[in-house]
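Biologist: I am new to this structure and would like to know what stands behind the words used for it. Please set each value against its definition as we go.

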Amino acid sequence: MNTKLTKSMDDITALCRRRGFIWQSSEIYGGVNGFWDYGPLGAALKKNLKDAWWTDTILCPPDGPDGKPLQMVPVDTTIIMNPKVWVASGHVGGFNDPMVDCRKTQARYRADHLKVYVPPVADKPLLVFVEGQEVGISKKLKKLGLAADQCAVRDFTELAPTDLARMIGPDADEPGSLTEPRQFNLMFTTHLGAVRDEESQAYLRPETAQGIFTQFWNVVDTSRVKTPFGIAQMGKSFRNEVTPRNFTFRSREFEQMEIEFFIPDPDVVGEEIAQTRRWYAWWRDHRYAWWRKVGLAGDNLILREHDRDELAHYAKDGAGTSDIEYRFPFTAPGFGELEGVAHRTNFDLRQHAQHCGRGDKMRYFDQEHNAHYFPHVIEPSAGADRGVLALLCEAYTPDADRPSGVYMKFSPRMAPIKAAILPLVAKDGMPEVAEKLYRDLRRRFAVQIDIKQNIGKRYARMDEAGTPYCFTIDGQTLSDQTVTVRDRDTLAQERIALDKVEAFLGEKIGG
Ligand code: ATP
């Protein structure tokens, strides 16, 4: 088979648009930067991913490291919460990325995304660029009389403020237009009620986790969970990202799938930190295995343990933090984060207890250890949109031998359409047989019927949609009650009995 090895993000984006996986939000008005809509195939793919997460982490997770069934419960909390939540969590004060503005072009950049070409001589300008967006940079260097191989490439944040006067911004032509990095709050604000003043200001949540922490006490009081147990939630989060880019990877509205897993405070119950590490390692490995199971089984998925100096303030003394990362075409040869797994200590619960004024009275009572404490948490926090994007990139398989030139190799569980039912021609009683089969199958599986157009074109559409099986009703079906099954990956065709199709799909797809 003639399969090109390289995948281009432009080709993947074009297929997503053409086949209705992902479109720009409000596209007929020119779109809106950082917001994306899912079309029929994309919405189904995203739901399959979220359903798999719900099933595999809440309804039927594997046993924990203690060999007992994992206790997990869901919540569904609001996007707008009391603004005090975000003061307690540290987001109002600290949810900032240092930003650099260009006074000339009004462009704004995240300081940690900027790199600088530093020439060996002190009187030459310093050329600043956005990492990953080096298009046209060698031309710009040449114009300044600089050669890339003679310059050192340094992080913008490493250079002194006194160097600013020599710097030419990524979109500017002359030096001196960049500002020093300034803090920029990433939370969207809105106002509650009729009056728009400071009192009525509220935020759109930048993470779903705080909904879990603030309802922790209600969950404990109303269900029978005991540490160790987890609360899970999926839902929309919003961040006013300064440079939304790389398709849906960095969006301003996105969906998260978050778990807070509550375990005894090792200092209070006299357990070794080893117990906390055991839970941390278990979640890290389980989540990594899950991403592999849903279709990211190749070399593009990695697990990366953070160095100590990368850790968030609350995690410095913890059991660890790691990222599950995927090599997207736009990050290659590097990787981009799909999910973070962190030991957050008991920072959040303590903060909320303190800020709501009840302090130690809000400690959890552990009957088994006869002790009061704020449980520690292991937090696996994943992005549904980045997950879908990784599934799309992984599935995209160029194949010059097919009429479509490409097919989407989704795992059967993730495939938006599990099977297509195709009458060879739209006459001679074939559509009627196809319709009956379609009615029977759709009760159990996401199937589609497609009656018109030549069969090659219909196969090509299904290849691009990533449909694992096509059942074709032809002249022989009418005489011997068999259909052909076409396998998306091998292109092999075999005949099976019409009344065995449902069992065939059940075996291949599950469900
Ligand atoms: P990054 O460093 O890429 O901004 P982060 O470390 O701030 O991400 P977290 O706060 O750990 O991300 O959020 C958990 C998950 O939510 C991420 O792993 C990612 O999948 C998803 N996520 C975060 N920000 C965005 C975004 N702007 N667009 C899409 N998904 C996002």
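Modeller: A salt bridge is a side-chain nitrogen of Lys or Arg within 4 Å of a carboxyl oxygen of Asp or Glu. This is a predicted model, in which local features need pLDDT of at least 70 and side-chain atom pairs count only at pLDDT 80 or more, while totals for chains, interfaces and linings use all residues. Residues are numbered from 1 along each chain as its sequence is written, and side-chain values use heavy atoms, with hydrogens and water left out.

Biologist: Why is the contact between arginine 284 and aspartate 285 called a salt bridge?

Modeller: The N to O distance between these two side chains is 3.0 Å, and the limit is 4 Å, so the pair counts as a salt bridge. A search of the whole structure finds 31 salt bridges.

Biologist: Which of the two, arginine 284 or aspartate 285, is buried, and which is partly exposed?

Modeller: Buried means under 20% relative accessible area, exposed over 50%, and partly exposed in between, with a 1.4 Å probe and protein chains only. Arginine 284 has 16% relative accessibility and therefore counts as buried, whereas aspartate 285, at 38%, counts as partly exposed.

Biologist: What makes the salt bridge of arginine 18 and glutamate 464 a tie between parts that are apart in sequence?

Modeller: The closest N and O atoms of arginine 18 and glutamate 464 are 2.6 Å apart. Arginine 18 lies in helix α1 (residues 9-19) and glutamate 464 in helix α12 (residues 455-465), so the pair ties together parts that are 446 residues apart in sequence. Helices (H or I, at least four residues) and strands (E, at least two) are DSSP runs, numbered from the N terminus. Arginine 18 is partly exposed, at 49% relative accessible area, while glutamate 464 is buried, at 9%.

Biologist: How do you know that arginine 287 and glutamate 339 are buried?

Modeller: Arginine 287 has a relative accessibility of 0% and glutamate 339 has a relative accessible area of 1%, so both values fall under the 20% limit. Their side chains meet in a salt bridge of 2.8 Å, N to O. This pair links distant parts of the chain, with arginine 287 in helix α8 and glutamate 339 in strand β17 (residues 336-345), 52 residues apart.

Biologist: What makes β8 and β9 edge strands?

Modeller: Two strands pair if DSSP finds at least two bridges between them. Four strands form an open sheet in the order β8-β6-β7-β9, with mixed pairing. Each of β8 (152-155) and β9 (167-168) has a single partner strand, so one side of each is left without a neighbour in the sheet. Strand β6 (residues 114-118) pairs with β8 in the antiparallel sense over four bridges, and tyrosine 117 stands opposite valine 153 in β8.

Biologist: How many disulfides are there, and by what rule?

Modeller: A disulfide is a pair of cysteine sulfur atoms within 2.5 Å, and by this rule the count comes to zero. As for individual cysteines, cysteine 102 is buried, with a relative accessible area of 2%, and cysteine 356 is partly exposed, at 46%.

Biologist: Which residues line the largest cavity, and of what kinds are they?

Modeller: The lining consists of Val294, Gly295, Leu391, Glu394, Ala395, Lys409, Phe410 and Ser411. These divide into four nonpolar, two polar and two charged residues, where Ala, Val, Leu, Ile, Met, Phe, Trp, Tyr, Cys and Pro count as nonpolar, Asp, Glu, Lys and Arg as charged, and the others, Gly among them, as polar. On a 1 Å grid over the protein atoms alone, a cavity is a set of points where a 1.4 Å probe fits but cannot get out, and lining residues have an atom within 4 Å of a point.

Key. On a 1 Å grid over the protein atoms alone, a cavity is a set of points where a 1.4 Å probe fits but cannot get out, and a pocket is an open set with protein on both sides within 12 Å along at least five of seven lines; lining residues have an atom within 4 Å of a point.
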